[in-house]
Amino acid sequence: MKINNFSLFFLLLVFNLLIVFFTNYLLNTEDLLINFYSEQLAKDQLEQLLENQQKWAWLGYAILPLLILIRVSLVSFCLSIGLFLYDIENKIQFKQFFRIALVGEFVLVFVGVFKLIYFYFFKIEFTLQELQQFYPLSYINFLDVENLEPWLVYPLQTINLFEIMYFFVLVYGMHKLLKNNYWKSFEITAASYGTGLLIWLGLVMFLTLNIS
């Protein structure tokens, strides 16, 4: 039985919510927050920060469906643009591209799982900054993050095996959808999703430079 897009989205959302919940609960993110700001803020300021953090904790869970929807929609849009770029006349509905992007998102679920397992079982002592900057199977883990410019952190995190797996899931999905040769699907995905990813990285780097 073929699972429809809504069911896939719901399943993806449940997995992500569970990862966020268990990360906050098992890794004691509140304690990490206290340790990180204890030397920077006065006691009353720290108490106010924690009170606000607890008050608005639900918001992180509430906006998660929107964040997933935006990411999946943008990737779907990039893939659909790929057909236009290659002048492929194919009556394919947007929901079919949406499905490919949804399936790809399940690869990224393993990022959260891997990260949770790593910090819970292996690197037991860590700081909030280490938790935020660590990305499983990424090139950045071989570098000294403290000596990196802030605008370089996110692009270097993006160079990882999970991103490569995600890309090839998109390629396979396009291959099955278009029923063309694999290399052509690779080309279309690289031109569409690859370009979109570069634009996104450029935007994040630009914003980081202007904020820092």
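User: Which relative accessible areas count as buried, exposed or partly exposed in this predicted model?

Analyst: Buried means under 20% relative accessible area, exposed means over 50%, and partly exposed lies in between. The model is predicted.

User: Why is phenylalanine 15 called partly exposed?

Analyst: Its relative accessible area is 35%. That value falls between the cut-offs of 20% and 50%, so phenylalanine 15 is partly exposed.

User: What makes phenylalanine 106 buried?

Analyst: Phenylalanine 106 has a relative accessible area of 17%. This is under 20%, and the residue is therefore buried.

User: How many aromatic pairs does the structure hold, and why is the pair of phenylalanine 15 and phenylalanine 106 called edge-to-face?

Analyst: The structure holds 15 aromatic pairs. The ring centres of phenylalanine 15 and phenylalanine 106 are 6.2 Å apart, within the 6.5 Å limit, so the rings pair. Their planes stand at 85°, over the 60 degrees required, and the pair is therefore edge-to-face.

User: Which parts does the pair of phenylalanine 15 and phenylalanine 106 tie together?

Analyst: Phenylalanine 15 belongs to helix H1 (residues 5–26) and phenylalanine 106 to helix H6 (residues 94–122), so the pair ties together parts that are 91 residues apart in sequence.

User: Why does phenylalanine 6 count as exposed?

Analyst: Phenylalanine 6, which lies in helix H1, has 65% relative accessibility. Because this is over 50%, phenylalanine 6 counts as exposed.

User: Which nonpolar surface patch includes Phe6 and Phe15?

Analyst: Phe6 and Phe15 are among the residues that make a nonpolar surface patch of about 900 Å²; others include Phe10, Leu11 and Tyr25.

Key: Residues numbered from 1 in each chain as written. Predicted model: local features only at pLDDT ≥ 70, side-chain atom pairs only at ≥ 80, totals over all residues. Heavy atoms only, no water. Phe/Tyr/Trp six-rings, centres within 6.5 Å; stacked < 30°, edge-to-face > 60°. Helix = DSSP H or I, 4+ residues; strand = E, 2+ residues; numbered from the N terminus. Buried < 20%, exposed > 50% of the residue type's maximum accessible area, 1.4 Å probe, protein only. Patch = residues over 30% accessible without salt bridge, like charges linked within 9 Å, V, L, I, M, F, W, Y side chains within 5 Å. Areas by Shrake-Rupley, 256 points an atom, 1.4 Å probe, with all protein chains shown as cover. Salt bridge = Lys/Arg side-chain N within 4 Å of Asp/Glu carboxyl O.
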